[in-house]
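Please look over the sequence and the structure below.

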Amino acid sequence: MLNSIHNISYLNKKNKKYVKIKSNKIAEKLMLILIENNFINSFTKTKTHLYIYLKINNFTNEPKLQSIKNYTKFNRIQAIKFKDLQELNRINKHSLFILYTSFGLITIKTALRLKVGGRLIFKIN
């Protein structure tokens with residue numbers, strides 16, 4: 001699943017209007033976060049796939065979603081404490097971080113509001 005999400009940024013560079021990935025609950029939740037944060041326009045769900053419609057920057061005519069960095073590897077999970085989230089957010093104000101917490105997939109801003117840490121999953125630019 002993580003590789004499918006990571007491929008969005010690769011396919012993004014080929015000027016596609018949409019990207020197709022395998023459908024699952026985590027991918028759907030991530031798409032809702034990306035819509036809420038203005039990185040994609042919408043997505044459509046079939047039984048097996050999600051079709052993600054990319055948002056284009058009007059000034060540069062490039063996709064708003066430029067890159068997705070995966071922080072989770074099979075043998076390494078990067079846990080991050082609440083106090084470290086504050087510093088990460090201060091240093092990287094223009095990036096969107098996605099964490100997996102006891103509340104599910106949430107953004108770093110939501111984690112700060114809820115005062116929880118979690119596992120760092122993605123950094124999105």
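What covers the buried residues of α3? The model is a predicted one, and in it the cover includes β5, β6 (96–101), α4 (108–114) and β8 (118–124). Helix α3 itself spans residues 82–91, and its buried residues are Leu 85, Leu 88 and Asn 89. Viewed down the axis of α3, these buried residues fall within an arc of 95 degrees, so they line one face of the helix. The general rule is that an α-helix has 3.6 residues a turn, so residues three or four places apart point the same way. On the face of α3 turned away from the buried side are the exposed residues Lys 83, Arg 90 and Ile 91.

The helix belongs to a protein with four helices and eight strands. Their order from the N terminus is α-β-α-β-β-β-β-α-β-β-α-β. The protein has 125 residues, of which 41% count as buried. Among contacts with a separation of 6 or more, 57% are between residues 24 or more positions apart. The accessible surface is about 8100 Å², and carbon and sulfur atoms account for 51% of that surface.

Now to the single residue. Gln 78 sits in the loop between β4 (68–70) and β5 (79–80). Apart from neighbours within four places in sequence, Gln 78 is in contact with Tyr 71, Gly 118, Arg 119 and Leu 120. Gln 78 and Leu 99 are 21 residues apart in sequence, and their C-alpha atoms are 9.8 Å apart in space.

Terms used. Residues numbered from 1 in each chain as written. Predicted model: local features only at pLDDT ≥ 70, side-chain atom pairs only at ≥ 80, totals over all residues. Heavy atoms only, no water. Helix = DSSP H or I, 4+ residues; strand = E, 2+ residues; numbered from the N terminus. Contact = heavy atoms within 4.5 Å. Buried < 20%, exposed > 50% of the residue type's maximum accessible area, 1.4 Å probe, protein only. Areas by Shrake-Rupley, 256 points an atom, 1.4 Å probe, with all protein chains shown as cover. Arc of directions from axis to C-beta.
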